[in-house]
Every structure is written in C-alpha cells, then in structure tokens.
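Reader: Could we go through this one together? I'd like to talk about helix packing and then aromatic rings.

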Amino acid sequence: MATPHNRAANGEIAKTVLMPGDPLRAKWIAETYLDEIRLVSDVRNVYCYTGLYKGKEISVMASGMGMPSIGIYSYELYKFYDVDAIIRIGSAGAYSRELKVMDVVLADAAWSESTYGQAQNLELDAWKYPSAELNRQIQTTAESLGKRIVSGPIHSSDVFYHEADANEILQQTIRREGLLCVEMESFALFHNAAQLGKKAACLLTISDSLVTGEELDADSRATAFSDMVELALAAAIEI
C-alpha cells in the first residue's frame, strides 16, 4: 500500500532491501548492479528502485539522514510493504586509528544517546542489536568473497556537530564502550526491526577518520563504496 512517504504499490518492493542514506547512492547502486530496474517511489526524491541481482529480486531505497528519517522509511517497509530484511549500507567516521578510509565495518551493536526508542515505544535501552542470522550470512559471504570486514560496536548519533563540553563526555563513552566509528541511523533501524520481528544489519564504509583527519570528498561518497555494496548484494541473494 502507498504511504505518505512511499508511492510504491503492493508487490513492487522486494523482501530484501538495501538502504543507503543518499538517494543518489541508491540510484547509482540500482543502475550499476541491478537488471530490469524500475523506479517504484520517488516521494521527496527519496528513490526506491526494484530490480534483479543474479536473478533475485532486490530493492534499493534511500533512508535520508538521521534516525527520524530512517525510522519512518524502515518502519513503513517492514510494516506496510512486508519487507523481511533491510541491510543498511552507509558511511561512517572512524574513532579508531586502526580503521582506515574505505575499510568496511559490520556493526554487531549500536550504542546511542538517542531518545528514538523511548519516543517510539518507551524503551530506554542505549544499545540496539542487528539480526544475528543476517550478520552471520554477511560474515560468511565476506569470507567466501575474500573481502575483509571489521566487526564491532558502533555509535549512532543524533548530532553531527557537538559542542566542546558534550564532546568531552562523548569521548569518555567512546573509550569506555570501545566504539569503532560513528554514523546516524542504525540504532533506529535495529529498534524497528526488533519491534516488528524483522531482520536488520548495517555495513559501513569508513569515509573519514576522526583520528587522522583523512576523508573522502562528497562526490566519492556517493559512488566509491563498491566493496561494501557488492558484499551486501551477495549476502542479500542468500537470505
């Protein structure tokens, strides 16, 4: 059924969805990797494409930036379009010196200061978790393809620009919890999946280092994450 945020009809979105944040990255993925693609929704220019990857139907839909945005789109995919699994494929800033630009991270937990869970269903947990089954499939697929991934806990933040005092407290949490990197969406995705009995995972490509200052430019972020995308697609057809 169509929603206020998605014009796709029933049956036009696949059971497995890859979800980058950037609509242009969704467009690039669909045009580069999928056959027989069709644009099934473009409400607010948040593109959703469905096509075939090695004969299996896959959808790619942008989430927008931040937890409120992915919260809306993922909830509607799970609840109203009967999507079974969403693999977020995004960018992240490294907290660890060992993580280099273009490294791929598989989140095994997401810590957040966000109130998303409290607002959505009164949950106060600061940690959310992906589907163990989906993570195992991604790890198995990475091994079979010879692709290196790093697994660990990540930070899902509501804020991109922190003031100095807040940043000092945040740094203490990063060290205490061993957080590898920061992004802004996975906590809400994992929460929605858990509430609705669905599957979710998160693959991240390091786009910049908050330790060394190394970074990709904006254009490269849209199209330079081929290792992550190919891994997500290869795992998706095995689900």
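Predicted model: local features only at pLDDT ≥ 70, side-chain atom pairs only at ≥ 80, totals over all residues.

Reader: How do the axes of α4 and α8 cross?

Author: The axes of helix α4, residues 132-145, and helix α8, residues 226-236, cross at roughly 115° and come within 9 Å, and the crossing is right-handed.

Reader: And which residues meet there, in α4 and in α8?

Author: From α4 there are Gln 137, Ile 138, Thr 141, Ala 142 and Leu 145, which meet Leu 231, Ala 234 and Ala 235 of α8.

Reader: Why is α8 described as largely enclosed by the rest of the structure?

Author: Because 8 of the 11 residues of α8 are buried, the helix is largely enclosed by the rest of the structure. The buried residues include Leu 231, Ala 234 and Ala 235, each of which also takes part in the contact with α4; Met 228 and Val 229 are buried as well.

Reader: Switching to rings, how many aromatic pairs does a search of the whole structure find?

Author: The search finds 3 aromatic pairs. One of them joins Trp 28 and Tyr 33 edge-to-face, at 5.8 Å centre to centre and with 90° between the planes.

Reader: Is Tyr 33 buried or exposed?

Author: Tyr 33 has a relative accessible area of 15%, and the cut-off for buried is under 20%, so Tyr 33 is buried.

Reader: What about Tyr 47 and Tyr 49, how are their rings placed?

Author: Their ring centres are 6.2 Å apart and the planes stand at 65°, so Tyr 47 and Tyr 49 are an edge-to-face pair, and both residues are buried.

Notes:
Residues numbered from 1 in each chain as written. Heavy atoms only, no water. Axes fitted to C-alpha atoms, helices over the stretch in contact; angles between N-to-C directions. Helix = DSSP H or I, 4+ residues; strand = E, 2+ residues; numbered from the N terminus. Left-handed = near helix turned anticlockwise from the far one by under 90°. Contact = heavy atoms within 4.5 Å. Buried < 20%, exposed > 50% of the residue type's maximum accessible area, 1.4 Å probe, protein only. Phe/Tyr/Trp six-rings, centres within 6.5 Å; stacked < 30°, edge-to-face > 60°.
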